[in-house]
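Visitor: Could you take me through one part of this model up close? I'd like the cut-offs spelled out as you go.

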Amino acid sequence: MDAQRGRTNRRRFLLIAGIPLLAAGAGTAYAVWPGPARPGPQVRTDLEPLNARFGPYLGTLGEAHWVGYDIDEKPGSAESRTLPSPDSRIRLAGVARLAAGGAVAITGRAEYAFAPAAAPSALPAELAPYVPAGAAWQHSRQFDAYANHAEAQGRPSGEYHFDTARDLVRFDLLYLYT
């Protein structure tokens, strides 16, 4: 009878010890199993983040289509960085409508020396439907330097282009957070 009891205790022990081990193994497998591919950057229309960041330079924006994403994560990739890198590089790009007369007020300031722009850099494909064809973009390196000042959070670099006929600003910036 003791032999029977020993087997029962051993089975009970293996059952009790095995369940947590199986659960831990299943949890680990779930954590490392590749998930579905993530889509590229999603077009956003909320104004609060843009008005907070650009308000001092552009005034209050009336409407916008924009994207913001970490350029070190591949769009559509199933992989997502779980640990932040020492440096995060965030691209912020889009098109926004200024208040009536806002583009003329900015481009008309002599200290910025705005001039007609050659073709600006390509925006992410998700924004193509929101960029008007035939826009007469104007650009100023002086305005870029003013808006991307050294004290700005994230050390921005990039360009702003203005279309005075439509009161639009087109921005493509890179923020480096260290």
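Guide: Let's start at His161, which lies in strand β5; strands here are DSSP runs of E with at least two residues, helices are runs of H or I with at least four, and both are numbered from the N terminus. A word on the ground rules: this is a predicted model, where local features need pLDDT of at least 70, side-chain atom pairs count only at pLDDT 80 or more, and totals for chains, interfaces and linings use all residues. Residues are numbered from 1 along each chain as its sequence is written, and side-chain values use heavy atoms, with hydrogens and water left out.

Back to His161: its relative accessible area is 4%, so it is buried (under 20% is buried, over 50% exposed, partly exposed in between, using a 1.4 Å probe and protein chains only). Skipping neighbours within four places in sequence, His161 has contacts that include Trp137, Gln138, His139 and Val169, a contact being heavy atoms within 4.5 Å.

Gln138 also turns up in the sheet, as the bridge partner of Pro116 in β4. Strand β4 (residues 138-139) and β3 pair in the antiparallel sense over two bridges; at least two DSSP bridges are what strand pairing takes. Zooming out, the sheet is open, with six strands in the order β1-β2-β6-β5-β4-β3 and antiparallel pairing. Its edge strands, β1 (63-70) and β3 (115-116), each pair on one side only. Helix α2 packs on this sheet, touching β1, β2 (88-97), β5 and β6 (168-177), and its direction makes about 110° with that of β6. For that angle, axes are lines fitted to C-alpha atoms, for helices over the stretch in contact, and the range is 0 to 180 degrees between N-to-C directions.

Now for the rings. The structure holds eleven aromatic pairs: rings of Phe, Tyr and Trp (its six-membered ring) count when their centres lie within 6.5 Å, with planes under 30 degrees apart called stacked, over 60 edge-to-face and the rest tilted. Phe54 and Tyr160 make an edge-to-face pair, 5.8 Å centre to centre with 80° between the planes. Phe54 sits in α2 (residues 48-58) and Tyr160 in β5 (residues 156-163), so this pair ties together parts 106 residues apart in sequence. Phe54 is buried at 1% relative accessibility, and Tyr160 is buried with a relative accessible area of 1%. Tyr112 and Phe114 are edge-to-face too, at 6.3 Å and 85°. Ring pairs link these residues into a cluster that also takes in others, including Tyr57 and Phe171.
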